Every structure is written in structure tokens, then in C-alpha cells.
Amino acid sequence: MISLRVNGKKFSLDVPPDTPLLWVIRDHLKLMGTKFSCGIGVCGACTVQIDGKAQRSCIVPVSDAQGKKITTIEGLPDSHPVKTAWIKEQVPQCGFCQSGVMMQVASLISETKKPDPEKIIAAMDDVLCRCGTYPRIKKGIKTAVELARKGGSRS
Amino acid sequence: MKPNISRRSFLKMTGGLVIAVSVTPFDYSILHAAGKKDLKSFNPNAWLHITSDNKITIYIGNSEMGQGVLTAQPMIIADELEADWKQLVIKQAPAADAFKSPILGSQITVGSASIRGFYEPLRKAGAAGRAMLIKAAAETWKVPEGECTAVLGTVKHAKTKRSLTYGQLCEKAAKLEAPKDPPLKKESEFRYIGKPMPRVDVPDKVRAKAVYGLDVNDGNVEGLKGMHYAVTAKPPAYGAKPLSFDSKAAEAVKGVVKVIQIPQGIAVCATSTDAALKGRDALKVQWDKGAVPEMDNAYIEKMMMEDLDKPGAKVQEVGDTKKALAEAAKKVEATYFVPFVAHATMEPLNCTAHVQSDRCDLWVPTQGQTGCRGVAAGITKLPPEKIHIHTTFLGCGLGRKGFADFVGETVMIAKALEKPVKLTWTREDDIKYDRFRSGMTHRIQGALDTQGQLTGWSHKTSCVSIMKPVNPKAVVNGVDAYCLWGLWDTPNSPHWNGRIQYEIPNLTIELFLADLPITVWPWRGVQNGPNAYAIECFIDELAHAAGKDPLEFRLQSLKNNKRAAGVLQTVAEKAGWGKPLPKGRGRGIAQHACFGSWVAQVVELSVDEKTGKIKVHKVVAAVDCGPVINPGPLVEQIEGAVILALSTALIEEVKFAKGGVASANFDDYPIIRMSEVPEIEVHMVKSTDKIGGIGEPGVPPLAPAVANAFFNATGVRIRRIPLTPKTVLEAMKNKA
């Protein structure tokens, strides 16, 4: 049995230990916000936070995530500066990649209070978006940083 | 937002005022359901439904893939209806004839046609509702209709200061005749059209509440209890057949339920996606060599280049091109190559199907509901009305999700398994079994007179046929119009202006359909992209040969083309065309028209001559699409198109080997990243001309503008894309 802590809830699951965390989150926990896209950890659509750090859940075996604090997009409160900024700046187009993008941004702005443009690109360059929302993502990050500074939660 | 409504709840709508747009191919009429005695048996075809709770439900038949159709189409209805935006409930409609595009004749979201196809019918549907509600109020108060006005969901009688809400009026209005030709608002009276409206799908997408096809499961959709998960093993080469496979080994994997052979490959069904994937690995399929085992990139390019030396199908002949070329003061010739590119939508292809004896339900991120219905009806032998399409959100579409191969595959698996099943194409499946944007070769000869005026143009091109495998009748005398969009189109085509824009007195176009087994399909902009690339690069070469400025040279052949000239002049002004640039930088310009809209772009870039890396600093775009519905998403569409097209100009090329597709995932098929994205400016050319599309027209001018800017910066012409560092370094070496 695998025991997991996701978004503050405890789960006990009968899955093979080598199952990628992504498929456990989606098929077993039915948290569908975390997306499957490349399956090899290169696109970022499956990004979740493990102990606060942005990780590609498609290449993390579920056994490695045991005992750690896992946060998915559903675990980020609706009042989170990133979510607020994403709506304000109308960042998503198709929106499929945005859960992963937002989880990556949430990590970035909790680690760096005011990331400069170079830092933003360095942090975001391995998250792919086919609709081409990159300019909006940059705008969204700027707004999220502002909102966080004004006192929104940044967990 | 719920991804869909069931057919049953759709038919249960009773009471209130229902306005329908009834579409017959290439025409429409406005109806209302109360005119029919038995609503339950009336195929409602409804676009809007006003109920006594003062809610207005709007059903949208087009697919939402990020372009904002779920917001833009309701804006049109709500404006003419004079509804309060807050009282709207917007729902994804099921598959129904009413939602077929009056210009495309199918329920399909392609060809940048959702607005240009529905603008007029939806305005009339809204206006019909407003007229009926006003009439109902006037009759209630026994006052002339002319004294009543509709304002934000309420009809008012100013003289007596009385008012009634649409909810209060709907039952009475429903008993009235729908006006055939209701009066429309003047542009100055628009409340929503042309003004920024936040997209209705954005909050759910941000809050992870939006359900994409890939997200469908027994937790968020009723009736899927006990659903299974499937993946398929498909051939590594075009036309390859399985020689052997080990279904026992696959079935031995924990969670694997069944292995099913279908014509497309071997499906592994399991209780989870992960188990299905492990089962597929265990299959160890042996395949034969396929149709053309020697095919690789070199083979493809050689064949498509050799095609240009053979006589092709005559597409268009205006004047005497041979004579014009023979008598030219200057003759220019160039050959271009555009590779195959993949759709690679972030959401890979997927579908969930439940096939029962009397009905078939599909939950699918599709761009083509009519097509899905046809495919599923063919496999299940059920009548089309028993095929229920639940359109989910699409994680990008780019045209790929308008082809229903993955839907057919799912229906076959679900039928054999006798259980609801979700088929997932992995990223590798999605790229290897994509139907690519066809590669193209072009050879163009141009004639200039002594004044440097363009007098003749001979154009030969080779392309894999898009229509031949799906509708061979659409290929007439070797001409597949889909391959030619941007260069030529059939007369009265619903795709509008997909032809060369320049006024050329002597013009010849020939097409070769390349004899390759590669599967192709429309890719955002279809062949407008590769055709515009060749046309606009060659125009630049001609301008250079004529000793003229590329903008001036273009304008002299666009004297009677106000909209093309308009976008060029606007973009030139906004981009500072002709103004000095910092050392090492180059500027390029290009324009193109398709799907009823005109777009011009100026690209500014620099080249690192040591690494061969191109840095695009800025793209300025000018757009004339006629009236604008929602300005925000419009700009997003142009930005997105520029970024996608930049990806093809600099990076993307599908690799082939051993008769199949060698590219497999984003590691060996890279796409553009944030660091490679320039500053993008979008300027609108104010226009009251006919409304055009906006999803695709931003793509075609970008790649040629990049190539022309590269020439401007370096003095080197590279007649192929993508302009990768390797290609750039080779070209720079040859120059030196």
C-alpha cells in the first residue's frame, strides 16, 4: 500500500510503487487539474509541488512521493495571487497547460519575492504552451507578484 | 461550467421563449419553438431560451479551444437581444443540425468560421427575440410597440414608467410569430460587440474546474461507472501490418483487462492508464516494413523537388505567362522548401465512448461534431441521432481535432469491450500518428518590366493531397484546392480570399500531388502558411531585383486591393518601416489574406553569426478583419498565431525514417519556448467591411517576414524553413 498526502488529505492506495505520481493523481484520486501531455518531464503540464518545489509528476514514481507534502492545482486556494492574476490578465487560451504553468509560477514567487525578467524566463522556459500565451504568462506573473506583495497568501 | 448537457435535458426544455436558428446547408432561418405544438418532438435547434426565472440560456455549437467562441457568440446574441450579460447561462450544445455552420455546411470549428459564419444569423436570432419581447410588452400594456424600448433584459414604457423583465414576458412572447427580418441595431447602439468582455471559460480553467476530453472519468460524468482506460500500439511505418504480438504477456500485467486488435493497431484495455501503458509495453509487437520503408527526410525532399521538373495539373492560367517571362526586362527564379510540421496540441488526442445497443455516447474534445457522428454511426450501425456527442473543452485544436480517426478507434474499442472506455494517445502517438501540415516545394519564376513592375508569375508547387484520402471527389483533375489556399481557391469558396493578392497580368499556377504515404490534414491556416511563405519571400526577391523597397514594390501591385494595401501601410507606419535600425538588425515585411481577413507583419531580428542563432526582437502586426466582436481574444489570437508560426519558422520540422515518423515527443520535436518569444504589437485597421475570421490569418505572414528580415540583416537568402542555427551557419558559410 502506498500512503500519500495530497492537498492536506491522506490517501492509502493499492498501486504499483513505480506508477508515475501523475496517473495516481488523475486516475485514482480523480484530481483532473494536473494534466498529462508529454509523459517524459519536458513540457510542464503535469507540474505539482512536492514539499513546495515544482516537480514534473509524470516522472516521479509514486513511491518517491510518500511522506511528502503534495500540492496540486486544486490545492492552491482560489484566492491565491496566481489564480487571481490569471483571471485578471486573462492568461489562458485553451488553458490545458495552465495548471502546470500556475504551479511553476506559485513556486517561483514563493522562492523569489520579486523575480526579474531574466529570472522569470529561466524559471518558466521549460513549461510549454502551444497556444502561445507566453506574453500573457509574463503579464500574469507581474500581477501575481504585485498581489502577493499586497498580502495574498503564497503557499 | 459543465462541459455539456445531455440530449435528454436539451429536449426537456419547456416553457419560455425559444429562439432557434435553423440551418440548411449554406442558408439559415430564424424560428421559435413555440410555433411548434409539441416542444418535446420539436428538434429545438435552439440557440437561446428565455425562461420565467429571468435566465437566458444560450447554446453554443462551436467548440471552445481557447479562441473565445463561448464568449464571442453569446456577445452577438446578447447585444441584439439587449440582454443583461449577468442573466446569461452559456452552455455547450450537443450535436444538432441547427449548429451546422451556414457557410461550411457542417457542425465544425475550422476555417476561422465561427464568427464570420454566424455573425448575421446570431444577430438576427437576438433581434427576433427582442422584437417579440417588445411586442409582448406593448400588447400587455396596450400601447404602440414604437413607444416601448428594450434595455438590459427589461422592456420599458417611458411615458407610463412601466417595465417588465424578459422573464415576465417570455411566456407571452413565445406565443407570437417570430419576425422574418427583425430590425438590427446600428453600430453606435452596440452594447457588447466591439467592447472588451472577459472570457467566460477563463475562471473555470484557472480553478481547475474545466473538463477537457482527457479529464472525463466516472467521477465527473454520469454513466461511466466501471469505465476502462485504453492505449493502442500502432505501426512504426506507414502501411505496416503486425506480424506477431504477445497478448498473453500484456494481459498478465496487473490491471490489464483485454487486448483487442482493430484495423488501426492493437488496443490494450485496463483499469488505469498506467496499467494500459505497461500492458502495451509488454505486447512486443513485430511489424512488417510498411509501404515505403526507404522513406526519410532526404527521400521526401528529393521527391518533392523532382516533382517541380514535371508537368503538373493546371490550376490557373491568366494572360500569357510564357510570353511575359520571355519578354521580361529581368527574370527571377527561386525554389523553396517548407517541411512537414506537427499539430502537437498540449492535450493529446483522446476520446471516451460508451456504446450500448440503442445509443452511443461520446465525450470528446472535437472540432467536428458532425464528423464524429458520422464515424460513430458507421461503426455502431446506429442512426446518427442515436450518437450523442458531448463536446468537452479542447486542450488546443489547431485543426487536428477536426479529424475523427481517434474517435473511430475509441468507438471500435468500446464496442468490442462492451464497457465505457477512454482512449488516450500518448504524446508519442500524437506526434507519430499526427496528420501533419503537408510539406511543400515551390518553384516560382517572375517577370519584371523595365520600370520594375511585376508582369508575370509562373508558380509550380508540390504538396501531399489533403482531401484525397477523405473525399477523393474533392480532387478535380488533379487539383486539391486545400493544397492551394493562399495561392488559389475555387470560385465562390466559403474560405474567402485564399488566393494570391497581387495584381499580376500573366499568372500560371501548377500543382503536383506528391506521391507519399504521409497522412496530412489542415493545420492552423492550412496551406495558407506554406503558400504565403513562398509568395511573400519571392515578392521580396523581386523587389530586390527591381531595386525597390519591399513595401513600395508590394503596394505597386496592390493598387485595387484596398484592404491588403491598408494593412501593409498600417504595419509599416507602426513598425517604423524605413527608419534606421541598430547595427546587425534586419527588418522584413509580409502580408497575406485568408478566411476573409487581411494581416501584415513586420519582423525585426538579429543573427548571431557565430552560433547561427536568430533572435527575433519584435513583431508588429496590422489586422483588418472587418467588425470586431471581442477585442481581447482577437489580440490573443494574433499573438498566439505569431508565436506558433515563429515556432515553424525557426524550429519545427518532423523527422522521418524507415518509412515512418521518427519524431516522437517534445525532446526531439521541440516547440517554441518563452525565451524565444519577441515583443508583439497588434494594431487593428478600423473597417466596416464584411466580417472575417481571426483564428488563422495571423499565421501566414510571419514565416516569410522572418525570412525577409534575415535577408535584410545578412544579405543571405535561405529558401527553406526552419531557420535553425545549423541551416543558418551553412548558408552563412556558403556566402563567405
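pLDDT is the predictor's confidence in each residue, from 0 to 100. I started there, as this is a predicted model: local features need pLDDT of at least 70, side-chain atom pairs count only at pLDDT 80 or more, and totals for chains, interfaces and linings use all residues. For bookkeeping, residues are numbered from 1 along each chain as its sequence is written, while chains are lettered from A and ligands numbered from 1 in the order in which they are written.

**Confidence.** I looked up chain B: its pLDDT averages 94, and 95% of the residues score at least 70. Residues 1-12 of chain B sit below 50, with 19 contacts in the model beyond near neighbours in sequence. I call two residues in contact if their C-beta atoms, placed from the backbone, lie within 7 Å. Residues 35-45 of chain B also stay under 50, and the model has 18 contacts for them beyond four places in sequence.

**Chain A.** I found five helices and five strands in chain A; these are DSSP runs numbered from the N terminus (helices H or I, at least four residues; strands E, at least two). The order along the sequence is β-β-α-β-β-β-α-α-α-α. Chain A has a radius of gyration of 15 Å, close to the 15 Å that the globule rule gives for 155 residues, so it is as compact as a globular protein of that length. That radius is taken over C-alpha atoms, and the rule is 2.2 Å times the number of residues to the power 0.38. The C-alpha trace of chain A spans about 45 × 30 × 25 Å along its principal axes.

**A against B.** I get 42 residues from chain A and 47 residues from chain B in the contact. On the chain A side, α1 (21-28), α2 (81-88), α3 (98-111), α4 (117-124) and α5 (134-149) each give two or more residues. That side divides into 25 nonpolar, ten polar and seven charged residues. Nonpolar here is Ala, Val, Leu, Ile, Met, Phe, Trp, Tyr, Cys and Pro; charged is Asp, Glu, Lys and Arg; the others, Gly among them, are polar.
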